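Visitor: Hello! I am new to protein structures and would like a close look at a single part, the sheet. Could you walk me through the strands and then what surrounds them?

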Amino acid sequence: MAQANEKLQVLDCSHVSPPPASVPTTSLRLTFFDLPWFAFPNIQRLFFYEFPYPTLYFTDTVLPLLKHSLSLTLQHFFPYAAKFMCPPPPGKPYLRYEDGDFVTFTVVESSADFNHVIANYPRDVKLLRPFAPQLPTVPVAEDGTRVLPVIAFQVTLFPNSGICIGSNYCHVVGDGKTFMHFMRSWSSVHRAGGGDLTCLEKSIPSWNKDVIKDPDGIESLHLKIYWNWVASNNENSGPTHVAAADKVRATFLLGRAHVKKLKHLVTEAKSEQLHISTFVVTCAFIWVCLIKSQESSTRNSSDADDNKFYYFQFPFDCRNRLEFPVPETYFGNCLKPSIAEVQKSELIGENGILLAAKAIGNKIKEIENRGFRDVESWVATLMERTRLGRFVSVSGSPKFYVYDVNFGWGRPRKVELVHIDSNETISLAECRDEQGGFEVGVASNKKQMDEFSAIFVQSLKLL
């Protein structure tokens, strides 16, 4: 069985740039949607594929095309090869690309058991961390400006069994929708042999930041968040993830039939018009199971704790939801953090799923109706709720279609978000093998994971 401290053998470490002179020197401003993410750790996503070939075959045959297709894709997604220029207050941060800028690209070999690595059952959270690359450190400029890389890639080979393409990127550059647009483009170029760029030309990203309007001066509010971060951060890097040493992680599958039953349960019981979707009922179900598992594993709650509000945060994609049009291919962030709240006694009660779904659904309706109202409190509210410790958030989305990222080796066997192990975050994706189903990634201590698994299975039986 693979160990969590499995050592890796480095086979290649290189830089990949867009083709020479293909992208002019460009500076891109950051919008109020981008700025708050400086205070948050990076996103680490892993794509695992079956690859029943020896290492030599990969290095001689696959690796050159993988780098070449990445270079061609970066020509159109050049902000990923750029650098963040982060001046001290009162300067504004921005993205800067110059010819020759690059992403780091590392290839390593692992002796870990591939099937264990991609399993759904609980494994030590440390097992996946070596497969996510580290972002390189860049010296601080002479004027005190911090220079931060945007993204790094690492390919991990499991000889004669599998391959992992791991990424580590700063959320400031763009949201999950932007990143998945890039990954689908890269995989399409690679699958076409690096010569046919039709797939890119049909879906060119739009990095025109002027489409994001700011009539209410939201940027000035979010610049204060950036200035606080850059003034208090002594390292020339973004925030890092710190996970508890005793955590395990597992993946739980919610089939199409179960999702349908959950929607029926909520729809039949509702006494008012609610926003009901597969996302809403899935999140409500998982939230209730998580809180019940915490209750069962600690067994030290009080009546006062039962009356406290618990919080569920999910990202709301504002594309096509704003007063001004934002294209689907917009490169950047266009998310609003949304927080539903329900008292603990209600969550663990008989109607917990219904009340959780009602809270999440109402929050979605509220955002659709209110737009940018209360925008000045977005980040402050998120930080405050996080500090309270009664907080669960969602990373990922079933609408990202992560299992469509096919480099020519078939669909991924597993897609993981490494960073969920450092806080109370669950990952959400479409089910690989059943249309309409969901995959939910959970990280917790072993005792709570055992409780969650039992509650999850028993709750499905009761639907």
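Guide: Happy to! Let's start with a pair of strands: β1 and strand β6 (residues 103-110) run antiparallel and are joined by eight bridges. In general, the strands of a sheet pair through backbone hydrogen bonds, and they can do so in a parallel or an antiparallel way. Please keep in mind that this is a predicted model.

Now step back to the whole sheet. It is open, with six strands in the order β1-β6-β9-β10-β3-β15, and its pairing is mixed. At the edges you will find β1 (8-16) and β15 (414-417), each of which pairs on one side only. Going from one strand to the next, the twist averages 15 degrees.

Next, look for the helix that lies across these strands. Helix α1 (residues 55-76) lies across β1, β3 (43-51), β6, β9 (151-158) and β10 (161-169). Relative to β6, helix α1 runs at about 160 degrees.

Between β9 and β10, the loop holds Asn-160, whose phi is near 65 degrees, a positive value in a residue other than glycine. The loop between β14 (391-395) and β15 is the place of Tyr-401. Tyr-401 is not a glycine either, yet its phi is positive, about 50 degrees. With a relative accessible area of 45%, Tyr-401 counts as partly exposed.

There is one more loop to visit, the one between β4 (83-86) and β5 (94-97), where Pro-90 is found. Here the peptide bond from Pro-89 to Pro-90 is cis, and its omega is near 5 degrees.

Helix α12 (residues 446-461) has 16 residues and reaches 23 Å from its first C-alpha to its last, close to the expected 22 Å. Its buried residues are Gln-448, Met-449, Glu-451, Phe-452, Ile-455, Phe-456, Ser-459 and Leu-460. Seen down the axis of α12, these buried residues fall within an arc of 160 degrees, so they line one face of the helix. On the other side of α12, Lys-446 and Lys-461 are exposed. The buried residues of α12 pack against β11 (247-254), α6 (256-269), α7 (278-298) and β17 (438-445). At the start of α12, Asn-445 brings a side-chain oxygen to within 3.2 Å of the backbone nitrogen of Lys-447.

Definitions and conventions
Residues are numbered from 1 along each chain as its sequence is written. This is a predicted model: local features need pLDDT of at least 70, side-chain atom pairs count only at pLDDT 80 or more; totals for chains, interfaces and linings use all residues. Side-chain values use heavy atoms; hydrogens and water are left out. Helices (H or I, at least four residues) and strands (E, at least two) are DSSP runs, numbered from the N terminus. The expected span of a helix is 1.5 Å times one less than its number of residues. Buried means under 20% relative accessible area, exposed over 50%, partly exposed in between (1.4 Å probe, protein chains only). The arc is that of the directions from the helix axis to the C-beta atoms. Contact means heavy atoms within 4.5 Å. A polar contact is a pair of N or O atoms within 3.5 Å; within protein, one must be able to donate a hydrogen and the other to accept it, and residues adjacent in sequence count only if both atoms are side-chain atoms. Two strands pair if DSSP finds at least two bridges between them. Axes are lines fitted to C-alpha atoms, for helices over the stretch in contact, and angles run from 0 to 180 degrees between N-to-C directions.
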